[in-house]
Amino acid sequence: MHTLVFATNNPHKAQEVEQILGPGFIIKTLKDIGCLEDIEETEPTLEGNALLKARYVKEKYGYDCFSEDTGLEVEALDGAPGVHTARYAGEGRDPEDNIKLLLKNLEGKSTRKAQFRTVIALLMKDQEILLQGICPGSIATQKHGTGGFGYDPVFIPEGYTDTFAVLGYDVKNKISHRARAIAQLLETIRANSTESL
Ligand code: IMP
């Protein structure tokens, strides 16, 4: 058995990865290893924050681990909100306020191109590996749909005419930034763990 810590407090995300990896792997969350402190994301990039969380766990608890950080990068806003995606409109982390601000800042812009980017930092067997998954698309002019979370009501993935909130999880889980990053993670974990299993 190979134990990996997923530096998250979201048990659903951890369970999802454990199911995809299959037998031979145990995925633990921060709570499972007794890490109850809030690891502050103080770095200016997604990569920096993903590494910061994973290094914290590896150094303090000694487990192989991975962490993820996701941002929405909008071309006409020079890549914003990027690392500030969750708290774009303030510390309240309110998705409605975030969307309102995004739509306002895009008024009159000639392009609405954007991408979601998920970065995963994997610390395994003394190696530090950065992986990413990108979902290209554009920002709608107004909200559509009730599914999903965060910016889903205004994000239209490339090749579609509806937002993630309209398309739903069946489509989203096949093409999303997170799904693509997790696919890379699985490939890398499997490739790196063959000798030790
Ligand atoms: P996290 O790193 O997964 O916590 O994501 C940071 C922020 O990005 C979240 O608070 C959401 O606002 C936004 N976000 C991440 N993934 C998605 C997504 O799949 N759809 C819409 N918004 C997302």
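This is a predicted model: local features need pLDDT of at least 70, side-chain atom pairs count only at pLDDT 80 or more; totals for chains, interfaces and linings use all residues.
User: How many helices and strands does the protein have, and in what order do the elements run?

Analyst: The protein has six helices and six strands. From the N terminus the order is β-α-β-α-β-α-β-β-β-α-α-α.

User: What radius of gyration would a compact globule with 197 residues have, and what does the protein have?

Analyst: A compact globule with 197 residues would have a radius near 16 Å; the protein has 17 Å, which agrees. The C-alpha trace spans about 55 × 30 × 25 Å along its principal axes.

User: What share of contacts joins residues at least 24 apart?

Analyst: Take contacts between residues at least 6 apart in sequence: 55% of them join residues at least 24 apart.

User: Where do nonpolar side chains tend to be in soluble globular proteins?

Analyst: They tend to be buried together. Here, 44% of the 197 residues count as buried. The largest nonpolar core has 18 residues. Those with the most contacts inside this core are Val17, Ile27, Phe66, Leu122, Leu185 and Ile189.

User: Which elements give two or more residues to this core?

Analyst: They are β1 (2-6), α1 (11-21), β2 (25-28), β4 (113-124), β5 (127-139) and α6 (177-193). α6 gives the most, with five residues.

User: Which residues is Phe66 in contact with, leaving aside neighbours within four places in sequence?

Analyst: Among them are Leu4, Phe6, Val17, Ile27, Ile120, Leu122 and Leu185. Apart from this core lies another, of 17 residues, including Leu77, Tyr88, Ile99 and Ile139.

How values were computed. Residues are numbered from 1 along each chain as its sequence is written. Side-chain values use heavy atoms; hydrogens and water are left out. Helices (H or I, at least four residues) and strands (E, at least two) are DSSP runs, numbered from the N terminus. The radius of gyration is taken over C-alpha atoms; the globule rule is 2.2 Å times the number of residues to the power 0.38. Buried means under 20% relative accessible area, exposed over 50%, partly exposed in between (1.4 Å probe, protein chains only). Contact means heavy atoms within 4.5 Å. A nonpolar core is a set of buried Ala, Val, Leu, Ile, Met, Phe, Trp, Tyr and Cys residues joined through side-chain atoms within 4.5 Å.
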